[in-house]
Amino acid sequence: MTLTPIASNNALGDDPRRYAHLSTIRLEDPDAVARAAKARRRHPGLKYGRQNFIVAADHPARGALAVGNDPVAMADRRQLLDRLQIALANPDVDGVLASPDIMDDLLLLGALEGKLIFGSMNRGGLSGLVNEFDDRFTGHTAAALEAFGADGGKMLTRICLADPDTVSMLEATAKAIDSLAERKLIAMVEPFLSVRENGKVRNDLSTNAVIKSVAIAEGLGSTSAYTWMKLPVVAEMERVMAATTMPTVLLGGDPEGTQDEVFATWEAALALPGVQGLTVGRTLLYPQDGDVAGAVATAASLLNHTAEVSE
């Protein structure tokens, strides 16, 4: 049993029982998730000259529910699924990056037909946790991603030079990259140089810090053949992209400034060599004006879809 995805121009739902079917399926027929994964139509494939647009939805699994000034914006799973279906209904959205629980819901909803799928692998470094840098792999495994036909896995790689947990996290990340590469799956690595200030983890978004994080992350694992970078848009992005030859997707985070200002920075970064597209979540799923479909359409219009370069 699957549900029909909602249309891209639909408003957010208000029926509290609109996803009750998911609970019924999970209770009575949990194997339906695997069947849906096996039956779905795969993405036609990655092409040079066509940037990809991936919607991110793995924040709740880390306990990160805030968007802007709302500390629990992502807490309502029904609204999150509404917003994800609106985004995924746009044909220019190529896929999703999600934790296992959200991925399973989307599979049951039939919302991932023809889409790229990236599973979120390390969610153990919970937001605010005393040992947040000990970011254990508690989500998708490479074996599970292969089993349900995913295209790759994503791992957050926060590097804190003052925290001894960083070395074990780097080792775990390298092993995950190898495990994905053995299965010819993409390892989407999201590196940051990070510090702990007043009990909170802060990512250093200075240009030099981002460049250093890239240098460390792209050397992890015994091969980089299947490794991508997932990087923030920062000042002097040209210097950042000069630090790697790996396909790179831009992350959205929870940016400051107006929506137009954010889109302008993305557009400039998308024009740089090596940038393969966007992997954005909160900025588009919870836009300032509430128009999810409009925000997604605007972001999609920034992507470079040139003709394939002839050999």
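A salt bridge is a side-chain nitrogen of Lys or Arg within 4 Å of a carboxyl oxygen of Asp or Glu. The model treated in these exercises is predicted, so that local features need pLDDT of at least 70 and side-chain atom pairs count only at pLDDT 80 or more, while totals for chains, interfaces and linings use all residues. Residues are numbered from 1 along each chain as its sequence is written, and side-chain values use heavy atoms, with hydrogens and water left out.

**Exercise 1. A network of charges**

Find which residues are linked with K154 in a network of salt bridges, and describe the bridge that K154 forms with E190.

Solution. Begin with the total, which is 18 salt bridges in the structure. A network of such bridges links D58, R123, K154, E190 and K230. Within the pair K154 and E190, the closest N and O atoms are 3.1 Å apart. This pair links distant parts of the chain, since K154 lies in strand 4 (residues 152-159) and E190 in strand 5 (residues 186-197), 36 residues apart; helices (H or I, at least four residues) and strands (E, at least two) are DSSP runs, numbered from the N terminus. For the surroundings, take buried as under 20% relative accessible area, exposed as over 50% and partly exposed as in between, with a 1.4 Å probe and protein chains only. K154 counts as buried at 3% relative accessibility, and E190 counts as buried at 8%.

**Exercise 2. Two further salt bridges**

Describe the salt bridge between D82 and R18, and then the one between E236 and R239.

Solution. The side chains of D82 and R18 meet at 2.9 Å, N to O. Because D82 belongs to helix 3 (residues 77-88) and R18 to the segment before helix 1 (20-28), the pair ties together parts that are 64 residues apart in sequence. D82 is buried, with a relative accessible area of 2%. Turning to the other bridge, the closest N and O atoms of E236 and R239 are 3.5 Å apart. Here E236 is partly exposed, with a relative accessible area of 44%, and R239 is partly exposed as well, at 36%.

**Exercise 3. Strand 4 and its partners**

Work out how strand 4 is covered, and to which strands it is joined.

Solution. Eight of the eight residues of strand 4 are buried. G152, K154, L156 and R158 point one way from the strand, whereas G153, M155, T157 and I159 point the other way. For the neighbours, use the rule that two strands pair if DSSP finds at least two bridges between them. Strand 3 (residues 116-120) runs parallel to strand 4 and is joined to it by three bridges, with S120 standing opposite K154. Strand 5 also runs parallel to strand 4, and eight bridges join the two; in strand 5, the bridge partner of G152 is I186.

**Exercise 4. Aromatic pairs**

Count the aromatic pairs and classify each by the angle between its planes.

Solution. Rings of Phe, Tyr and Trp (its six-membered ring) pair if their centres lie within 6.5 Å, and planes under 30 degrees apart count as stacked, over 60 as edge-to-face and the rest as tilted. By this rule there are two aromatic pairs. One is formed by F118 and W228, which are 6.0 Å apart centre to centre with 45° between the planes, a tilted pair. F118 belongs to strand 3 and W228 to strand 7 (residues 227-232), 110 residues apart, and the pair thus links distant parts of the chain. Both F118 and W228 are buried. For F263 and W266, the ring centres are 5.4 Å apart and the planes stand at 65°, so the pair is edge-to-face. F263 and W266 lie in helix 9 (residues 259-270), three residues apart, about one turn of the helix, and both are buried.

**Exercise 5. A loop residue**

Locate G128 and decide whether G128 is buried or exposed.

Solution. G128 lies in the loop between strand 3 and helix 5 (142-147). At 56% relative accessibility, G128 counts as exposed. The C-alpha atoms of G128 and R62 are separated by 9.6 Å, although the two residues are 66 residues apart along the chain.
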